[in-house]
Amino acid sequence: MAPIAPLGAFEQLLLLAVLRLDAEAYGASIARELEEIAGRAVSRGALYTSLDRLEDKGLLRWAAAKGTPARNGLPRRLYSVTPAGVAALRGSRETLRRMWKGLDHLLKEPTS
């Protein structure tokens, strides 16, 4: 099995948003989650380009889901993180833990 390439910060945010949303991980809800939780606004084009890139890497997949009346019944894409995506997130988390180790005293919030 080929090693998993390190995830970029935005890729991590996208995968984490999809995990958080679970069965509600549609494009619009992912964008809202990124803005509300991560404070990161994203254009529709950047969002779908990045989601497609994660799918190409095998870290994300989507399935067609029933549309809503607001969409005139048009199907929506429901996203989910693949096992490889979960492994990539675990690897990224572990790398960050190793990099942070021993630096807490330098990066703590100032008291005054």
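Q12 counts as buried, at 18% relative accessibility. The cut-off for burial is under 20% relative accessible area. The model that gives this value is predicted. Q12 lies in helix α1. Beyond its neighbours within four places in sequence, Q12 is in contact with L7, L89, S92 and L96.

Two packed helices are described by the angle between their axes and the distance between the axes. Helix α1 covers residues 9-21, and helix α4 covers residues 83-100. The two helices pack at an angle of about 125°, and their axes are 11 Å apart. That angle makes α1 oblique to α4. The crossing of α1 and α4 is left-handed. On the α1 side, the contact is made by Q12, L15, L16 and L19. On the α4 side, G85, L89, S92 and L96 take part. By class, the residues of this contact divide into five nonpolar and three polar. No charged residue is among them.

Helix α1 also packs against helix α2, which spans residues 27-38. Here the angle is about 110°, and the axes lie 9 Å apart. The helices α1 and α2 are therefore roughly perpendicular to each other, because angles of 65 to 115 degrees fall in that class. From α1, the contact draws on F10, L13, L14, A17, V18, R20 and L21. From α2, it draws on S29, I30, E33, L34, I37 and A38. The contact of α1 with α2 has 10 nonpolar residues, one polar residue and two charged residues.

L14 belongs to helix α1. L14 counts as buried, at 1% relative accessibility. Residues up to four places away in sequence aside, L14 touches I30, L34, L47, S50, L51 and L54. Of these partners, I30 and L34 are also listed on the α2 side of the contact between α1 and α2. L14 and Y26 are 12 residues apart along the chain, and their C-alpha atoms are separated by 11 Å. L14 and T49 are 35 residues apart in sequence, and 12 Å apart in space from C-alpha to C-alpha.

T49 sits in helix α3, residues 44-56. T49 is partly exposed, with a relative accessible area of 42%. L14, by contrast, counts as buried.

The overall chain provides the setting for these helices. The secondary structure of the protein chain comes to five helices and two strands. Along the sequence, these elements follow the pattern α-α-α-β-β-α-α. The radius of gyration of the protein chain is 17 Å. The globule rule gives 13 Å for 112 residues, and the value for the chain is well over that, so the chain is more spread out than a compact globule. The C-alpha atoms fill a box of roughly 55 × 45 × 20 Å, taken along the principal axes. Of the 112 residues, 29% count as buried. Q12 and L14 each count as buried. Contacts between residues at least 6 apart in sequence were also examined. Among these, 51% join residues at least 24 apart.

Conventions
Residues are numbered from 1 along each chain as its sequence is written. This is a predicted model: local features need pLDDT of at least 70, side-chain atom pairs count only at pLDDT 80 or more; totals for chains, interfaces and linings use all residues. Side-chain values use heavy atoms; hydrogens and water are left out. Axes are lines fitted to C-alpha atoms, for helices over the stretch in contact, and angles run from 0 to 180 degrees between N-to-C directions. Helices (H or I, at least four residues) and strands (E, at least two) are DSSP runs, numbered from the N terminus. Angles under 35 degrees count as roughly parallel, over 145 as roughly antiparallel, 65 to 115 as roughly perpendicular and the rest as oblique. A crossing is left-handed if the near helix is turned anticlockwise from the far one by less than a right angle, and right-handed if clockwise. Contact means heavy atoms within 4.5 Å. Ala, Val, Leu, Ile, Met, Phe, Trp, Tyr, Cys and Pro count as nonpolar, Asp, Glu, Lys and Arg as charged, and the others, Gly among them, as polar. Buried means under 20% relative accessible area, exposed over 50%, partly exposed in between (1.4 Å probe, protein chains only). The radius of gyration is taken over C-alpha atoms; the globule rule is 2.2 Å times the number of residues to the power 0.38.
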